[in-house]
Amino acid sequence: MKADKKKINRLLNTAKGQLNGISKMIEEDRYCIDISTQIMATQAILSKVNHEILRAHMNHCVKEAFEEGNGEEKVNEIIDILEKMYK
């Protein structure tokens with residue numbers, strides 16, 4: 001993986017903290033909209049992580065595959081993951 005691991009780990013640690021906070025909010029019977037807001041914030045962070053990983057994949061793995069003459073397989077992988085993301 002060629003993504004910025006420090007940035008990815010920082011974002012993932014933030015998401016972990018938010019997930020723990022969401023669990024605590026549920027235990028404390030907090031207001032549903034507040035819980036939902038925190039869930040969406042966590043999803044946004046995970047989306048950023050995925051974006052960074054896919055960006056690095058395209059900039060390194062896909063580029064490398066094209067240079068080696070087998071880029072079509074990598075393009076198909078990207079298409080498959082995009083289909084999963086938008087289901």
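I looked up Ile 22 and found it buried, because its relative accessible area is 7%; buried means under 20%, exposed over 50% and partly exposed in between, with a 1.4 Å probe and protein chains only. This is a predicted model, so I note that local features need pLDDT of at least 70, side-chain atom pairs count only at pLDDT 80 or more, and totals for chains, interfaces and linings use all residues. Residues are numbered from 1 along each chain as its sequence is written, and side-chain values use heavy atoms, without hydrogens and water.

I placed Ile 22 in helix H1, residues 5–27 (helices are DSSP runs of H or I, at least four residues, numbered from the N terminus). Leaving out residues up to four places away in sequence, I listed Ile 35, Gln 38, Ile 39 and Thr 42 as touching Ile 22 (contact means heavy atoms within 4.5 Å).

Next, the core. I found seven residues in the largest nonpolar core: Ala 3, Ile 8, Leu 11, Ala 15, Ile 45, Val 49 and Ala 56. Such a core joins buried Ala, Val, Leu, Ile, Met, Phe, Trp, Tyr and Cys residues through side-chain atoms within 4.5 Å. H1 and helix H2 (32–67) each supply at least two residues of this core. I checked Leu 11 too: beyond four places in sequence, Leu 11 touches Ile 45, Lys 48 and Val 49.

Last, Ile 81. I traced Ile 81 to helix H3, residues 71–85. I logged Ile 81 as partly exposed because its relative accessibility is 31%.
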